[in-house]
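Visitor: Let's walk through this one. Can you put the model up?

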Amino acid sequence: MAKNNLIGGSIWDEYSNKVQDRMNNPRHMGEFTEDDAKKENAKLIVADFGAESCGDAVRLYWLVDEKTDKILDAKFKSFGCGTAIASSDTMAELCIGKTVDEAVKITNLDVEFAMRDNPDTPAVPPQKMHCSVMAYDVIKQAAAQYKGINPEDFEDQIIVCECARVSLGTIKEVIKLNDLKSVEEITQYTKAGAFCKSCIKPGGHEKREYYLVDILAQTRAEMDKEKLVEQSKGDLAFSEMTTVGQLKAIEAILDNEVRPMLHGDGGDLEVIDIQKSENKNIDIYIRYLGACSGCSSGSGATLYAIENILQEELSPDIRVIPV
């Protein structure tokens, strides 16, 4: 689509000059063959991600030095809009020179940021962010192929949106990376829910195991707990917090790191009291619940694990005492 075809060119104002340039002049579009790989004494990797039925798909080519795991060169083919081409071109460029493990750490934010003209202005409008997420996902497909493992080993590949082939792991990670607060933002960034909409909330034409509204609520709750834990590690030492502050910090860590383990065995615990002893120890009194209440490890391995986690996260002066 030419710029002159758009009224006043106003839509193009939302795209950086770098994006427009890569739309029209991609540096890394093309493909590699086995002959190309032999010339470079490299392993050829060809990975696909996306759904052509939804309009966007990308194929990524890597030439990898198996001695160093370094990506010697990268190319792509993209089926979709100009933003998909620009994002894929940038993604391929970011891969070159990195090891496979380093490339897996490239996120959609890295791709989008690399296309900005200046650090404070987004390179593309929000509704086009899904293109950079697609580029980010195909890297994981390529890395899994190179390592001979399943992509599930990199992230949870439960597919939430069948239309756009967006996984649970991708949605949760994009929410956290971009601090998303609405289902509409999830759709803008990933395309999940943009088509048949049955994955947005219960009541659609097809029953789903996971819905975007629930994933958003659960992920935001996880983020809030993580923030609370981080705040508890701030300038205010645990010993200087109020009892209420100490309890909140303890509960956040128990919810994140201890209770999931206990729930797996049908147990739980509750904090009964927090007291500071004469020798400056901070004694946390707990009561085991459910299956844990009669378990012998409650005063052994389990107790040691709980105490060790709280000491590492909050204060080495903590003692955990079951009652």
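Guide: Helices (H or I, at least four residues) and strands (E, at least two) are DSSP runs, numbered from the N terminus. This is a predicted model, so local features need pLDDT of at least 70 and side-chain atom pairs pLDDT 80 or more, while totals for chains, interfaces and linings use all residues. Numbering starts at 1 along each chain as its sequence is written, and side-chain values use heavy atoms, without hydrogens or water.

Visitor: Where is Thr-121 placed?

Guide: Thr-121 sits in the loop that links helix H5 (108–114) to H6.

Visitor: What is the relative accessibility of Thr-121?

Guide: It is 40%. Thr-121 therefore counts as partly exposed, the class between buried (under 20% relative accessible area) and exposed (over 50%), with a 1.4 Å probe and protein chains only. Its C-alpha atom is 38 Å from that of Lys-43, which lies 78 residues away along the chain.

Visitor: New topic. Which domains is the protein chain divided into?

Guide: Domain 1 covers 17–151, domain 2 covers 158–237 and domain 3 covers 243–322. The bounds come from an automatic or database domain assignment. Taken over C-alpha atoms, the centres of domain 2 and domain 3 are 30 Å apart.

Visitor: Helix packing next. At what angle do H10 and H11 pack?

Guide: About 150°, with 11 Å between the axes. H10 spans residues 243–263 and H11 spans residues 301–313. Axes are lines fitted to C-alpha atoms, for helices over the stretch in contact, and angles run from 0 to 180 degrees between N-to-C directions.

Visitor: Which residues in H10 meet H11?

Guide: Ile-250, Ile-253, Leu-254, Glu-257, Val-258 and Leu-262. On the H11 side they meet Thr-302, Ile-306, Ile-309, Leu-310 and Glu-313. By class, that contact has 8 nonpolar, 1 polar and 2 charged residues. Ala, Val, Leu, Ile, Met, Phe, Trp, Tyr, Cys and Pro count as nonpolar, Asp, Glu, Lys and Arg as charged, and the others, Gly among them, as polar.

Visitor: And H3 with H6? How do their axes cross?

Guide: At roughly 40°, coming within 8 Å. Here H3 is residues 82–95 and H6 is residues 130–147. H3 contributes Thr-83, Ala-84, Ser-87, Met-91 and Cys-95 to the contact. H6 contributes Cys-131, Ser-132, Met-134, Ala-135, Val-138 and Ile-139. That gives 8 nonpolar, 3 polar and no charged residues.

Visitor: Backbone check. What is phi of Asp-69?

Guide: Near 65°, a positive value in a residue other than glycine. Asp-69 is in the loop between strand S2 (56–65) and strand S3 (70–79). Its relative accessibility is 32%, so Asp-69 is partly exposed.

Visitor: What about phi of Lys-191?

Guide: Also positive, near 75°. Lys-191 lies between helix H8 (183–190) and helix H9 (212–232), in the loop.

Visitor: Is Lys-191 buried or exposed?

Guide: Lys-191 is buried, because its relative accessible area is 15%.

Visitor: Which residue follows H7?

Guide: Asp-179, with a positive phi near 55°. Within H7 (residues 168–178), the buried residues are Leu-168, Gly-169, Thr-170, Ile-171, Val-174, Ile-175 and Asn-178.

Visitor: Last one. Where is the place of Val-323?

Guide: In the segment after strand S8 (318–322). Val-323 has a relative accessible area of 58%, so it is exposed.

Visitor: What is Val-323 in contact with, leaving aside neighbours within four places in sequence?

Guide: Ile-272, Tyr-285, Ile-286 and Arg-287, where contact means heavy atoms within 4.5 Å. From Val-323 to Ala-74, 249 residues apart along the chain, the C-alpha separation is 61 Å.
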